[in-house]
Amino acid sequence: MQGFLDNLIRGWGYDPATWPWTQFIYLFFMGLFSFLVINFAAISGGIFSWAERRIAARMQSRVGPNRVGPAGFLQWIADAVKLLFKEDLIPDESDQILFRAAPYFMMVGFACVFVALPFSHRLIIADMNVGIFYILAVTALIVVGIIMSGWSSNSKWSLFGAIRSAAQIVSYEIPAGMALMIPVLLAGTMSTQGIIRAQGAWPWQWFIFDNPAATAAFFIFFTSALAEGNRTPFDLPEAESELVSGYNTEYSGMRFSYFFLVEWGNLWVMSALAVTMFMGGWQVPFLPADRLDALTGGMAVLAEIASLAIFAVKTLFFVFVVMWLRWTLPRIRVDQMMNMCWKYLVPASFVAVLFVAFWMLVVRAAPALGIAMHFLLAGIAGAAVVLFVLRVAKNLRDTGDKFDLTSNW
Amino acid sequence: MAETQIPPQQTPGAFGAYVKNVRDTAKSFWEGMSVTLSYMFRKPMTTQYPDRMGVPVQQTIPARYRGFLEVDMDICTACQACERACPIQVINIDILKGDGKITPKLRMERFDIDIGKCMYCGLCVEPCPTGAIQHTREFEGAVMHFNNLTLRFVPDPLVPVVPYKPPKGAEAFPRRELGEITRKLIKAWDAPPPPFPSEEAAKADHGKPKQGGALDISAMGRQLAARALQVKEDKPRLQKVLEEAMAGTDCGDCGYPDCFGYSDAIAQGKETSSEKCAPGGADSKAMLDTILVSLKTGVVPGAPPPAAPPAAEPGAAAPGSAAEPAVAKGPPLAKTLSKDELYKVVLDAMAGTDCGDCEYPDCDGYTKGIVYEGQTDLGRCAPGGEDTRAKLYEIMLGTKPPPK
């Protein structure tokens, strides 16, 4: 981002190193970009809340919210307005300061992730050389917010939810971190843009198909991300039927909406992270990263839009997968959740890291083997997708129903 | 998920169980997600009531559904069978009688069905000779005010409806399409509710003694009696106090033109009966008795008023309801005979042709109407003519029939 601003200043005919207003330009654009990013997070969170309800409804043979605006699209605005106008109740017996502060901790931990999250080839707030490490670090702030809200509410349900959440997030940080080590190993950098540049546009160039351990690492990471985002089947911290909504039981109005904003905004974060680390990020087919760098003028803008669209489509697909999982799987028990982490994901992630280190040595000795493995895994994945589509079509036919996306909308 | 609940057939080794869990997880994901995705591509089952239905919701309801009642006035014979059949007086029919020459003999001024009260038992539909009254499949009863729930099948009492004369021996009657009339009437349900009383009006109303209801009648009677004593000599003011004890409907059942007439007569000492106010019933009687007693003795009766309560109890039944005041005069046969004996006498007085001109199916029906059901029109027997009419008046009221 600094490079972009320096170029901008040079375009005006000044030298950024000596021009006295350089720092003010930096400050102004910092404010502007934070504003844009927070609004992106808020609006995407809102739209996801609508999308999730529509998708959930269809998966349950219902219609979902379809009255406010075309196809109910403006429902999330109506909900937001309602939440903003609701009285912000603060329980008398709660810890007043902590209770008020907790949602902001969540918001900050959530918004900070966007700093290192790429959107397209050039669009990233700060391409840090410790990007992944930074993301893992600031995400931990959300746990602080959850524990604060649970403790300060002075309610047993809230505290149960918060403690469950703490146990869950702290446990799943380990497999998530280990799984993210694998793209870092393969790319040789922690910068998010660097990891994307190390991959290619085509599926057989992605890290997920680099070797079987990387494929496993992708699933480990995705599962752990679900758990860290409190998404079903790991929504124990806010299990409605057990905990009366968990750590946010006592919240209402705007503060409550922050919790929900973070939950839905996290969909983008976890999906974008998965796409960045394993799925080739914003890479445009036929335009490798170094040729993208060389483009100028109108072509550069077009390529930028293309890369943005590719990244967004991939990310939105994973957002959909997360919603789809939510309406497929039941919530697991606390002991099952812990078993899954410590008995399956943690050992598997360690094995995967070791295997990848070993595999990199193998590929260095025989590069053809590495390329063959890429194509083999991508081919298996393609076959699995075809089989899955056939299976869905069979499920549809078996009950005598027709493919119908348009009626009763 | 990681652990499935299926009991293993043969205990696998620790590693086998571990691998099996992983495999089961993958398999259940595969199966479960293909099912949910296939449901996403189907048409939702939801019926979007009320505005996005393929057909009107009424047409999706079974044909024999008991919805709002509907009367086709074109084939209503004014037999009032439905009104009698109704166990909770939901149906109200007012019949206007004419001379049969210039004006029709019977006209219906009112045919109201209070849907808010109706319990949809269907008892009114069964006796209807022509099928004029039927249950429709209408059911949406949201209104601006519950008064709007009354369906008025005679929309204008000044334009009464002439009953239908079914052709002799007819089995089927031309009925309009079911639901059409009620749907049209339901449109009127959006009429605005009556305005709320303004704050001043509500305040002005407060504390004013109200007639009847759950008020303490004996206390009110004593209050009025005390006021009556103060103005004992001032006849116009005494009349006003007495009028307060009456129902104030100016019904004329007391034989005076209005409440003023009755209360003035009491105040002037021309009238001594306290039980003539039919709408006020036992309450008015008790209050008037209290006032009269206190006027006579000069003191207001104490906490248990000596005259009022004992007199009120038997008095409650004697004046009868407002509907049949004329019967209460004289000692006609109707008063002395039992109902069953009276039935025979009245039946004898009829012409016995079973012509049906009286709108009852036969003479037996008309007789039962007069004796058991309070039919007060005694001039319906066309074949018997003036002769029968005079006899019926003699039997029922002990009077000569009024000139036509």
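**View 1. The open sheet of chain B, in a predicted model, is built from 3 strands in the order S2-S3-S5.** The pairing within this sheet of chain B is antiparallel. Strand S2 (91-97) and strand S5 (150-152) of chain B stand at the edges, and because each has a single partner strand, one side of each is left without a neighbour in the sheet. On average, and with direction ignored, neighbouring strands of the sheet are turned by 15° against each other.

**View 2. S2(B) and strand S3 (residues 106-114) of chain B run antiparallel and are joined by 7 bridges.** Within this pairing, Ile95(B) has Met108(B), a residue of S3(B), as its bridge partner.

**View 3. Chain B meets chain A through 20 residues of its own, which are in contact with 28 residues of chain A.** On the side of chain B that touches chain A, the residues divide into 11 nonpolar, 6 polar and 3 charged.

**View 4. Chain A contains 14 helices and 0 strands.** Its pattern, read along the sequence, is accordingly written α-α-α-α-α-α-α-α-α-α-α-α-α-α. Of the 409 residues in chain A, 42% are buried. Among the contacts in chain A with a separation of 6 or more, 77% are accounted for by residues 24 or more positions apart.

**View 5. Helix H2 (residues 22-59) of chain A has 38 residues and is shown from its first C-alpha to its last, a reach of 53 Å.** This span of H2(A) is close to the 56 Å expected at 1.5 Å a residue. Just after H2(A), the backbone at Ser61(A) takes a positive phi of about 60°.

**View 6. H2(A) and helix H10 (residues 253-278) of chain A cross at roughly 90°, with axes that come within 8 Å.** Two packed helices are described by the angle between their axes and the distance between the axes. From H2(A), the residues Ala41(A), Ala42(A), Ser44(A), Gly45(A), Phe48(A) and Ser49(A) take part in the contact, and from H10(A) they meet Phe260(A), Leu261(A), Trp264(A), Gly265(A), Leu267(A) and Trp268(A). The residues of this contact between H2(A) and H10(A) divide into 8 nonpolar and 4 polar, with no charged residue among them.

Methods. Residues are numbered from 1 along each chain as its sequence is written. Chains are lettered from A and ligands numbered from 1 in the order in which they are written. This is a predicted model: local features need pLDDT of at least 70, side-chain atom pairs count only at pLDDT 80 or more; totals for chains, interfaces and linings use all residues. Helices (H or I, at least four residues) and strands (E, at least two) are DSSP runs, numbered from the N terminus. The expected span of a helix is 1.5 Å times one less than its number of residues. Two residues are in contact if their C-beta atoms, placed from the backbone, lie within 7 Å. Ala, Val, Leu, Ile, Met, Phe, Trp, Tyr, Cys and Pro count as nonpolar, Asp, Glu, Lys and Arg as charged, and the others, Gly among them, as polar. Axes are lines fitted to C-alpha atoms, for helices over the stretch in contact, and angles run from 0 to 180 degrees between N-to-C directions. A residue is buried if 20 or more other C-beta atoms lie within 10 Å of its own, exposed if 12 or fewer, and partly exposed in between; C-beta atoms are placed from the backbone. Two strands pair if DSSP finds at least two bridges between them.
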